[in-house]
Amino acid sequence: RKGRLASPSFAMSDPFRHMGAPAVSAFAVLPGSSQRALRRWRALAWTSCFCLASCAGGAVGTSAEQPRTACPKSATTQVLVHYMIWYAEPGTRLWTRFTPSVHSAHLESCNDTVEDPTYYAPVSGEFASYDQKHIASDVSLMKEHCVDGVVIDYQQPPSELARDNLDRALFAVVHEVAKADLKFAIMYDTSSKWDWGHHEERNLTDDWHRIFSVSHNDAYLRDAGGNRMFFAFGITPLPTPGMPCDRCSFYSQDSLTARAVNGEQVIDSEQTAGDLGAFAWITPSKPIPIDYLSDFYAKRCAVFPKSATPCVGAAYAGFKSINPGYHSIPRSTSLLKETLELCAENSDICQIVTWNDFTEGTQIQPSHWCDGNSPVAYLEVVREFKLSQAGDLLLGPSPDHQALGVAGGNAVQAMDPEAKVFIVVGAAALALLGGVICLISRLGKLKREGTIVPDQV
């Protein structure tokens, strides 16, 4: 045996035996069951090392290749993005180059190869809102980053051509959103033609009926009471009782309309066709966004105590319009995170302003941000917010053990992949340590029994 231990080839072929030579060479293994026992324990040690290497390698490989953590199926707050559908073919509607006196993209934005009317050019380039492939790409990004749905901006109308494009885009977006199992709602917007509904009641009636017809879809957004939710931007008129809508709730911006109560402009519940509520919006004229939003939640949500969902909150990353004379709000991922968290504290539905309003610079759609941030930086904020909500469900007290188990499962799903690798490798190392301890214990027992005796050679 001494000759074999001294052989380099043997040391290469049996490193465990070689490493054990100083300790084991002091013993002679007697024939019989004891020799077989030693072989079994040596095999156990080899197997333990193999398992450790396999587990570690498999875990690291899994970490590198495993898919993203699934978005939680339930959360305390639904997050929808405000979705513009007014873009026509590149070079036309809202993609036309603004005059240099208003904006010069190649001088003022970081992507000097693009002349889109925005400070932050979309990574995807120009597109048409009715382009099915582009819509599908947007929806895929939304699902990946845990967005629950869209609030479609149905803006009427600067021209007949724009109206046709808008209707075409509306149905295309609804189709893709519903197919992806997301939610959608519609915000009626007459801001581009302020007298559209005020002087032409037929226009107002036709538009609301079109909106109502589209809302008969299982994917349409509903409030906590099961009512379909409709939004009216700015001074856009709400439907009158002459346009009945079964189980509907109507939300106006900041709850403001033409009738004053105690000095405040509020919705007149007797002049609308359903339950009422308010939604917050981005307000660059307010110097501190959080102050405006806090005031909205404190005052506007309390105006509608009978509504199942009295208010819809807002979250945003900032505001930088190319239009002259507009105020601005510096963009940051921290502002988006802070406004999301504030919204979650005060409402069960939050609207991100916006997904794709490039002209006003409020979009979170992947764009060239000019600040070193990844194009998907703002989408990652939304995803992390939703995953953190799933984790919060686990921490909250609940006597419902089944619900607690579901929340625990969501929390495990949300675990960082590196943490999973650490747990797997740690468990494998403990298993190896246990095997080594057992081996040492067994050898000690054999020695005490006299089965292994000092080598006389």
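Strand β10 and strand β11 (residues 349–352) pair in the parallel sense over 3 bridges, where pairing takes at least two DSSP bridges between two strands. This is a predicted model, in which local features need pLDDT of at least 70, side-chain atom pairs count only at pLDDT 80 or more, and totals for chains, interfaces and linings use all residues. Residues are numbered from 1 along each chain as its sequence is written, and side-chain values use heavy atoms, leaving out hydrogens and water.

**Around β10**
- A314 has Q351 as its bridge partner in β11.
- Between β10 and β11 the chain passes through helix α11 (residues 333–346), and this β-α-β crossover is right-handed (clockwise from the first strand over the helix to the second, with the strands pointing away from the viewer).
- β10 also pairs with β9 in the parallel sense, over 2 bridges; helices (H or I, at least four residues) and strands (E, at least two) are DSSP runs numbered from the N terminus.
- Because 5 of the 5 residues of β10 (residues 311–315) are buried, the strand is largely enclosed by the rest of the structure (buried is under 20% relative accessible area, exposed over 50%, partly exposed in between, with a 1.4 Å probe and protein chains only).
- C311, G313 and A315 point one way from β10, while V312 and A314 point the other way.

**S285**
- S285 is in the loop between β9 (275–279) and α10 (289–299), and it counts as partly exposed because its relative accessibility is 49%.
- H327 is 42 residues from S285 in sequence, yet their C-alpha atoms are 5.9 Å apart.

**R331 and its rings**
- R331 lies over the face of Y120, 5.3 Å from the ring centre, and its charged end also sits over the ring of Y378, at 4.5 Å from the centre (CZ of Arg or NZ of Lys within 6 Å of the ring centre and within 35 degrees of the ring normal).
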